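User: I would like to learn how to read some features of a protein model. Please give the general idea each time, then the case at hand.

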Amino acid sequence: MVIQKEKKSCGQVVEEWKEFVWNPRTHQFMGRTGTSWAFILLFYLVFYGFLTAMFTLTMWVMLQTVSDHTPKYQDRLATPGLMIRPKTENLDVIVNVSDTESWDQHVQKLNKFLEPWEQNMRPVTLPPAQKNDVCLPGRYYEQPDNGVLNYPKRACQFNRTQLGDCSGIGDPTHYGYSTGQPCVFIKMNRVINFYAGANQSMNVTCVGKRDEDAENLGNFVMFPANGSIDLMYFPYYGKKFHVNYTQPLVAVKFLNVTPNVEVNVECRINAANIATDDERDKFAGRVAFKLRINKT
Amino acid sequence: MVGGFSILLWIGAVLCWIAYGIQYSNDKSSSLDSVYLGSVLALVVILTGVFAYYQEAKSTNIMASFRQMIPQQALVVRDSEKKTVPADQLVVGDIVEIKGGDQIPADIRVLSAQGCKVDNSSLTGESEPQPRSSEFTHDNPLETKNISFFSTTCLEGTATGMVINTGDRTVIGQIASLASGVQNSKTPIGIEIEHFVHIVAGVAVSIGVLFFIIAVSMKYHVLDSIIFLIGIIVANVPEGLLATVTVALSLTAKRMAKKNCLVKGLEAVETLGSTSIICSDKTGTLTQNRMTVAHLWFDNQVFVADTSEDHSNQVFDQSSATWASLSKIITLCNRAEFRPGQESVPIMKKAVVGDASETALLKFSEVILGNVMEIRKRNRKVAEIPFNSTNKFQLSIHETDDPSDKRFLVVMKGAPERVLEKCSTIMVNGQEQPLDKSTAKAFHTAYMELGGLGERVLGFCHLYLPADEFPATYSFDVDTMNFPTSNFCFVGLLSMIDPPRSTVPDAVTKCRSAGIKIIMVTGDHPITAKAIAKSVGIISANSETVEDIAKRLNVAVAQVNKRDAKAAVVTGMELKDMSPAQLDELLANHSEIVFARTSPQQKLIIVEGCQRQDAIVAVTGDGVNDSPALKKADIGIAMGITGSDAAKSAADMVLLDDNFASIVTGVEEGRLIFDNLKKTIAYTLTKNIAELCPFLIYIIAGLPLPIGTITILFIDLGTDIIPSIALAYEKAESDIMNRKPRHKKKDRLVNKPLAVYSYLHIGLMQALGAFVVYFTMYAQEGFRPSTLLNLRVEWEKGYVNDLEDSYGQEWTSYQRKYLEWTGYTAFFVGIMIQQIADLIIRKTRRNSIFQQGLFRNKVIWVGIASQVIIALILSYGLGSIVALNFTMLRPQYWFVAVPHAVLIWVYDEVRKLAIRLYPGSWWDKNMYY
């Protein structure tokens, strides 16, 4: 059967539309009468109201199954990741020594980043409850609940001075960025109830990724010495319990990086219970970043 | 078929590649994800296309294998030798020889003929044998006696002829090319699917563009916006539907083939279901296509003979002596013979050499008297005058089988009035009585009565020749007629008809209750046509034609109000004078119409007239002359046994058993598949919202992406495929044969309530349920819903390897990625679980699930099992294959969506209950799809 399309003139189309929008004969607006619209709107109001309530209810019930303090499952966080500061786009730390602006943003970021470590140390400004403890090095600082919730948990002091030349305290070189000897801070991701190191000492080491990187990298110093991380900062009890927790940091100061060359640096943690060879997760127990110091 | 979707997916694929191109030009190390996705989309389009083609080809193959053309041979004189060559090698000018039983190999002019009769039914539809000789009798080649046409059959005699046309230039070839000139139209289901594609594509494109604009104005990168667009398109397009519809249709096609309806194109499966008018042929479709003795008149009484297919019980009184004489005449005055070698074949199925009436009489007597050939042998024939159109009688002279009776018996049959002229006495109860006025009147009443039934009436008489005048050695000469041909004794009348098939009246009743109008279109005589129409119920018992009313009221035909008559019998001559408007009026005002004495072209006009009424027209036919109408019809139905090849190739469907009743089963299947496709589409559309919402929420609320494009493809082409096919096995909810046929323009496959209910009701509930699973998984892993809001930007930055969750823990990008995939899996499982509920609710549209029975359709459970098993394999079996983005999901998350699934079920039961309780209400109008 041949379908003959009736050609409609433009005026007819407009007329049809007009009639669709408001049909004076049947008093229909957009194909429905007023009562019909009222019905349908009321229906959807009730129906969607009900659905929203139902959804809210199920979500509320679901949230009841989740504790405020510790997540129900942590299976995805078996290996904590490593990360650097300053946090730059694609982890490229580029320093143009002569261009103050280029490194000042890093410095600002670092100042901001290190603030909590600073604050927790200031005895005068903080009430004692919020002041961090001086803990025994080489041991986990465990604060078990023993049947009753015991919180807030106390956090151990991490003194910025441990970061030596990279502490930024009274530092005219701005963490070395103004002199082309930048400090890069390495931190390990917080994972609740994770006993990092399995009771053995651990430390962070950095190397150039390939041979030429190692050459170009030159000398560097780690703070604290050997890049070691103390057990006393573990375990972490979570944001709600462990107020004022400041995680341990390791700073690397690169002393004589070959200028104007991109250097691939990889730092990893050496700890008994942290695998650093996950093929898929390139940041499990390690961190790779690029360092480039431009000098004219 | 679903061209629109393919285009959308192609756009998606191309966008993927463009996106990769942009990414690559920015960053040489960018991941190949979009390339993979684009390739997968392209692959989906190609595979579904190939699949549909394969299914289509498979059903066409059935057709091809069915046809099994036997190469036709012709006996031709070439180089003064008789040679057998294939008919297609004949050339104009060849001299061919034809004998009884041959098919004419080309259009030929008869040069010489001996008793040649041809059956032109393949050309004209009427199987009346026509004599052929070398005389030129008419200007019209179709009427003249000296031309025989290609593909007609020679019934008896021999002829020699010269080939005047071959191949496409033959008369039949010209009709065939007329048929191929008629444009093929879209099938109703094709139109419906196109309409549906337009709706879905419209939704997809408008939401896609809308959110593209929103995304761009929300300061998303254009590249990201393109990727959103791809996601929205992929989520909106039901990728698996093309394959599903094809499979559902081919399942029905198979089921129909089992019931003797062979469907050539898959889409024609549904066309039959929406048929509102059937234009049926009479001969062979409604009738058995063989003359059968229907009534007898002797002893001043009319007797009814059994006309059923097997003649099993002839119950009329056979004790009368008149019957003995009559039966003898029937047996002896008959030239038809059974073909040899058919001892095991039932009498009614035996092949006979002879014309239709003689065959009928032969079979009739064989059934009642037993071995006719033996009787004929005992009553040896000494002379005979065959039937011819000037004499209008047939006569033969026999010795009797009574050894003591030396008289010859002359038996005669023929046109009743001619036979009666030759009679002076009439036999009543075995006694000869003089033929007086009252008996003559009785004869005429009976003759008129039987003739009025549309039956062909024959008169029978006999005469015993006195033994002294005609001794045993007397030599009869039929040319000089040296024997008496008058003063016969009239014995009885016998009327024959091509009786309706026994299954037809029932089928007609069913069609009528299904709201299908049946129009009979035949080349036969109006009286015969009307009689058959009445006997099968096409004209119902209490309806009258204009002529009937006029006769009853004793007024002129013109005075009768045409609207009072339900039925109408229209001849080809009357039809010729009608304008299209008049024809429209006729078709609209009469519910029972018979067209008689129509030509092939008029058949086409009738079909067009019906189509102007917005009807979906089915046409049945068998002859080559029917093929243009078959092609013109929305669905052409050819007869498998009697149908010519031209009719079969022009038709969309072939009735393997030539039985009209098979059409009714076809209609039923067609309607069922329409309903079930509705369910399948509703089922398939529902989850599209659940797949789409994640993208919208992702763009607006900045959650980590809840479901990936690949995962969506796994739902559309994985878990959902078998369940949606399973819906094709669903039984009808109510008696679909008591419903009016659907209106082509009003009852759409996908209507507004269906789309709205699937998208905005169930789809949305499903999306919410899936989000609950998603949020649960994230919350229990450390990201509470409040944290997730607007986390997207940080979440997706590859270098952010210390993203903090709600508990202060920090996540590397890969850990997040893995969690995101777990989120995909959770959302996927959420949809899958709710699709089970969706599948169950889609079993019915009006009835409660409990009325329909949960376990009647076992395939549904196969579907559910397949869904669960595929999901289990994806989550636990392929969990480690990163490219597929599935991870192991904790067992409990599989049950999180169950309350929502139950809610869907309950909600739908409430909907159906309200529809059943308040039919026609606002609810019914808005919620019944």
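User: Is B:E608 buried, partly exposed or exposed, and what is its relative accessibility?

Analyst: This is a predicted model. Buried means under 20% relative accessible area and exposed means over 50%, with partly exposed in between. B:E608 has 31% relative accessibility, so B:E608 counts as partly exposed.

User: Which side chain meets that of B:E608 in a salt bridge?

Analyst: The rule asks for a side-chain nitrogen of Lys or Arg within 4 Å of a carboxyl oxygen of Asp or Glu. The side chain of B:K632 meets that of B:E608 at 3.8 Å, N to O. This pair links distant parts of the chain, with B:E608 in helix α19 (residues 600–612) of chain B and B:K632 in helix α20 (residues 627–632) of chain B, 24 residues apart. B:K632 is buried, at a relative accessible area of 12%.

User: How many residues apart are B:E796 and B:R792, and where do they lie?

Analyst: They are four residues apart, about one turn of the helix, and both lie in helix α27 (residues 792–796) of chain B. B:R792 is buried, with a relative accessible area of 7%, whereas B:E796 is partly exposed at 36% relative accessibility.

User: How many salt bridges are found across the interface of chain B and chain A?

Analyst: Eight salt bridges are found there. One pair is B:E810 and A:K187, whose side chains meet at 2.9 Å, N to O. Both residues belong to a network of salt bridges that also links A:R85, A:R190, A:K239, B:D802 and B:E804. On the side of chain B that touches chain A, the largest share, 14 residues, comes from α25(B).

User: What area do chain B and chain A bury between them?

Analyst: The size of an interface is often given as the accessible area lost when the parts come together. Here the two chains bury about 4,700 Å² between them, with 59% of it on carbon and sulfur atoms. B:Y799, B:Y807 and B:W922 supply 16% of the area that chain B buries against chain A, more than any other three residues. The contact takes 54 residues from chain B and 55 residues from chain A.

User: How does one read a helix, and which residues of α13(B) are buried?

Analyst: Helix α13 (residues 437–452) of chain B has 16 residues and reaches 22 Å from its first C-alpha to its last, close to the 22 Å expected at 1.5 Å a residue. B:T439, B:F443, B:A446 and B:L450 are buried in α13(B). Seen down the axis of α13(B), the buried residues fall within an arc of 70°, so they line one face of the helix. B:K437, B:S438, B:K441 and B:M448 are exposed, on the other side of α13(B). After α13(B) comes B:G454, with a positive phi near 80°.

User: Is B:D281 buried or exposed, and what does it contact?

Analyst: B:D281 is buried, at a relative accessible area of 9%. Its place is in the loop between β9 (277–280) and β10 (292–298) of chain B. Beyond its neighbours within four places in sequence, B:D281 is in contact with residues including B:L286, B:V521, B:T620 and B:D626. The side chains of B:D281 and B:K603 are joined by a polar contact of 3.5 Å.

How values were computed
Residues are numbered from 1 along each chain as its sequence is written. Chains are lettered from A and ligands numbered from 1 in the order in which they are written. Side-chain values use heavy atoms; hydrogens and water are left out. Helices (H or I, at least four residues) and strands (E, at least two) are DSSP runs, numbered from the N terminus. Buried means under 20% relative accessible area, exposed over 50%, partly exposed in between (1.4 Å probe, protein chains only). A polar contact is a pair of N or O atoms within 3.5 Å; within protein, one must be able to donate a hydrogen and the other to accept it, and residues adjacent in sequence count only if both atoms are side-chain atoms. Contact means heavy atoms within 4.5 Å. The expected span of a helix is 1.5 Å times one less than its number of residues. The arc is that of the directions from the helix axis to the C-beta atoms. Buried area is the accessible area (1.4 Å probe) that two parts lose on being put together, summed over both.
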